[in-house]
Amino acid sequence: MQILIAEEQLRETVDRLARQIEEAYSGRSLTIIGLLLGSVVFLADLVRKIGLPYELEMVSSRQPMGNSGRPGPLVINPDVLAPIVEGRDVLVVKDIFDTGETFWELIPQLDDLGAARVRSAVLLVKQGRRRTPIQPDFRGFEIPDRFVVGYGMDHLGKYRHLPYIAALEPAELVAEPES
Ligand code: IMP
Ligand code: MG
């Protein structure tokens with residue numbers, strides 16, 4: 001594997017994103033919604049740096065995916081989300097912006113629950129992969145179109161513990177078992 005983003009760069013960028021989020025949401029009623037599972041490490045670091053009150057919820061949505069796998073459908077629970085979304089400024093937080101399909105599916109559902117405004121924050125934006133008109137509002141790093149792991153992100157359940165972000169080599173991208 002090849003290290004793309006070292007720990008110190010991650011810290012600096014998480015700090016920068018937290019400052020941008022504080023500026024954008026100062027005086028607003030902020031609800032943060034994290035997308036499980038790959039975002040948990042980023043989310044935990046980010047929210048500790050945001051010096052504003054917020055409501056927090058997680059959306060556990062997709063089936064695990066490998067290098068070629070298609071993620072499963074998003075499932076949200078409107079009863080849980082409606083009370084913290086209606087009339088509030090919602091920030092959806094995610095590890096990687098890849099095709100944009102997750103946000104494309106989720107953001108209209110949050111609008112339907114009566115959010116005042118929905119924006120998004122992502123740690124990584126993969127170049128040349130976007131397949132939807134959507135663009136994330138708060139962006140950490142632009143990365144090349146390679147499969148990355150570490151800092152909470154996995155390949156078939158592995159590598160989440162790495163404190164940096166690394167790109168896997170083709171030989172490390174073993175095929176996903178047939179299900
Ligand atoms: P979307 O295509 O923007 O909807 O993102 C799909 C999801 O696929 C991301 O949130 C990640 O969980 C996962 N994903 C996409 N690319 C990678 C990668 O390089 N490493 C690990 N997970 C990835
Ligand atoms: Mg994954």
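What follows is a description of the ligand's surroundings.

A: This is a predicted model, in which local features need pLDDT of at least 70 and side-chain atom pairs count only at pLDDT 80 or more, while totals for chains, interfaces and linings use all residues. Residues are numbered from 1 along each chain as its sequence is written, chains are lettered from A and ligands numbered from 1 in the order in which they are written, and side-chain values use heavy atoms, with hydrogens and water left out.

Around ligand 1 there are 15 residues, the closest being K94, T99, G100, T102 and V148; a residue is counted here if one of its heavy atoms lies within 4 Å of the ligand. By class, this shell holds 5 nonpolar, 3 polar and 7 charged residues, where Ala, Val, Leu, Ile, Met, Phe, Trp, Tyr, Cys and Pro count as nonpolar, Asp, Glu, Lys and Arg as charged, and the others, Gly among them, as polar. Both β4 (89-97) and α4 (101-112) supply at least two residues of the shell, and the largest share, 4 residues, comes from β4; helices (H or I, at least four residues) and strands (E, at least two) are DSSP runs, numbered from the N terminus.

Turning to individual atoms, an oxygen atom of ligand 1 is 2.9 Å from a side-chain N or O atom of D95, an oxygen atom of the ligand is 2.8 Å from a polar backbone atom of G100, and an oxygen atom of the ligand is 2.8 Å from a side-chain N or O atom of K126. Of the 500 Å² of accessible area that ligand 1 has on its own, the protein covers 90%, with areas taken from the Shrake-Rupley method and a 1.4 Å probe.

Conventions. A polar contact is a pair of N or O atoms within 3.5 Å; within protein, one must be able to donate a hydrogen and the other to accept it, and residues adjacent in sequence count only if both atoms are side-chain atoms.
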